[in-house]
Amino acid sequence: MIVCDVDNTLADLNTVLRVRFPGGADRENRPDWAPVPTAFWATPEGLDLLEAAAPFSGAAETLAQLVGRGGVRYVTARPLCAGPLTRIWLARYGFPDGEVLTECGGARRADLAAAFGTRLAIDDDLRAAWEYRILGIPCLLRRQPYNSADICAFSDWRDLRGVLDAAGCGDLVAGAVPGRRRLDRASARA
Ligand SMILES: [Mg+2]
């Protein structure tokens, strides 16, 4: 099982937002585009922007290779009402089939991922990455200005070899990585 974020990981939402909300270069250094109110994403205009975002090159093909027979779940902070369009968007661009979990922020997505027996997480939010890692789940980051210092940040979906090695998942493409379980804190201290 792989869990994968959608916005700015698979979908280039920031490019759309730069047009809709011009200026404010500081926003490029934040994962949450803070001036955009959360409620905006549930408005007709917000949903249209989510639908308009283009996928990053190579994302669908590479994710399909990584997923193999283990399956994928898509985790996103998008509102519940964005679920149907997100499923349609993923299918339109050829992403592998998988459940879409909306209203799923960083800490919650990591807890769910641990419960799913997730082998690898892919995101763009450094805070989410560390929530995963604390639970023993490796996490790659689609490179953005706010995560570029991370050793597991990648700029090209078509070349993940280096970051998979850095995350200790170099054999994942071959489908040979062992399953991971939630870290047992008591045994970790022993
Ligand atoms: Mg994201």
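# Close-up views of a predicted protein chain

**Figure 1. Contacts across the whole chain.** Among contacts in the protein chain with a separation of 6 or more, 64% join residues 24 or more positions apart. The model shown is predicted. The chain has 190 residues, and 34% of them are buried. It contains eight helices and six strands. Read from the N terminus, the elements follow the order β-α-α-α-β-α-β-α-β-α-β-β-α-α.

**Figure 2. The six-stranded sheet.** The strands form an open sheet with parallel pairing. Their order across the sheet is S3-S2-S1-S4-S5-S6. Which strands lie at the edges? They are S3 and S6, the latter spanning residues 153-154. Each edge strand pairs on one side only.

**Figure 3. Strand S4 and its two partners.** S4 covers residues 120-123 and runs parallel to S1, joined by three bridges. Here Ile 2 stands opposite Leu 120 of S4. S4 also pairs with S5, residues 139-142. That pairing is parallel too, and has three bridges. In this second pair, Asp 123 stands opposite Leu 141 of S5.

**Figure 4. The two faces of strand S4.** In a regular strand, side chains alternate between the two faces of the sheet. Are the faces of S4 covered or open? Both are covered. Leu 120 and Ile 122 are buried on one side. Ala 121 and Asp 123 are buried on the other.

**Figure 5. The largest nonpolar core.** In soluble globular proteins, nonpolar side chains tend to be buried together. The largest nonpolar core of this chain has 41 residues. Which residues have the most contacts inside it? They are Ile 2, Cys 4, Ala 121, Tyr 132, Ile 137, Cys 139 and Leu 140. Helix H3, residues 59-67, gives this core its largest share, four residues.

**Figure 6. Around Cys 4.** Cys 4 is one of the core residues with the most contacts inside the core. Ile 122 is a buried residue of S4.

**Figure 7. Leu 66 in helix H3.** Leu 66 lies in helix H3.

**Figure 8. Helices H5 and H6 side by side.** Two packed helices are described by the angle between their axes and the distance between the axes. H5 spans residues 106-116, and H6 spans residues 126-134. They pack at an angle of about 30°, with axes 8 Å apart. Angles under 35 degrees count as roughly parallel, so H5 and H6 are roughly parallel to each other. H5 passes H6 in a right-handed crossing. On H5, the contact is made by Gly 106, Ala 107, Arg 109, Ala 110 and Ala 113. On H6, Arg 127, Ala 128, Glu 131 and Tyr 132 take part.

**Figure 9. Pro 31 in its loop.** Pro 31 sits in the loop between helix H1 (13-20) and helix H2 (44-52). Is Pro 31 buried or exposed? It is buried, because 21 C-beta neighbours lie inside 10 Å. Setting aside neighbours within four places in sequence, Pro 31 is in contact with Asp 124, Asp 125 and Tyr 146. Pro 31 and Asp 125 are 94 residues apart in sequence. Their C-alpha atoms are 5.9 Å apart in space.

**Figure 10. Two residues with positive phi.** Most residues other than glycine have a negative phi. Asn 8 has a positive phi, near 65°. Glu 103 also has a positive phi, about 50°, and is not a glycine. Where are these residues? Asn 8 is in the loop between strand S1 (2-5) and H1. Glu 103 is in the loop between strand S3 (98-101) and helix H5. Asn 8 is buried because 24 other C-beta atoms lie within 10 Å. Glu 103 has 14 within that distance, so Glu 103 is partly exposed.

Definitions and conventions
Residues are numbered from 1 along each chain as its sequence is written. This is a predicted model: local features need pLDDT of at least 70, side-chain atom pairs count only at pLDDT 80 or more; totals for chains, interfaces and linings use all residues. A residue is buried if 20 or more other C-beta atoms lie within 10 Å of its own, exposed if 12 or fewer, and partly exposed in between; C-beta atoms are placed from the backbone. Two residues are in contact if their C-beta atoms, placed from the backbone, lie within 7 Å. A nonpolar core is a set of buried Ala, Val, Leu, Ile, Met, Phe, Trp, Tyr and Cys residues joined through C-beta atoms within 7 Å. Two strands pair if DSSP finds at least two bridges between them. Axes are lines fitted to C-alpha atoms, for helices over the stretch in contact, and angles run from 0 to 180 degrees between N-to-C directions. Angles under 35 degrees count as roughly parallel, over 145 as roughly antiparallel, 65 to 115 as roughly perpendicular and the rest as oblique. A crossing is left-handed if the near helix is turned anticlockwise from the far one by less than a right angle, and right-handed if clockwise.
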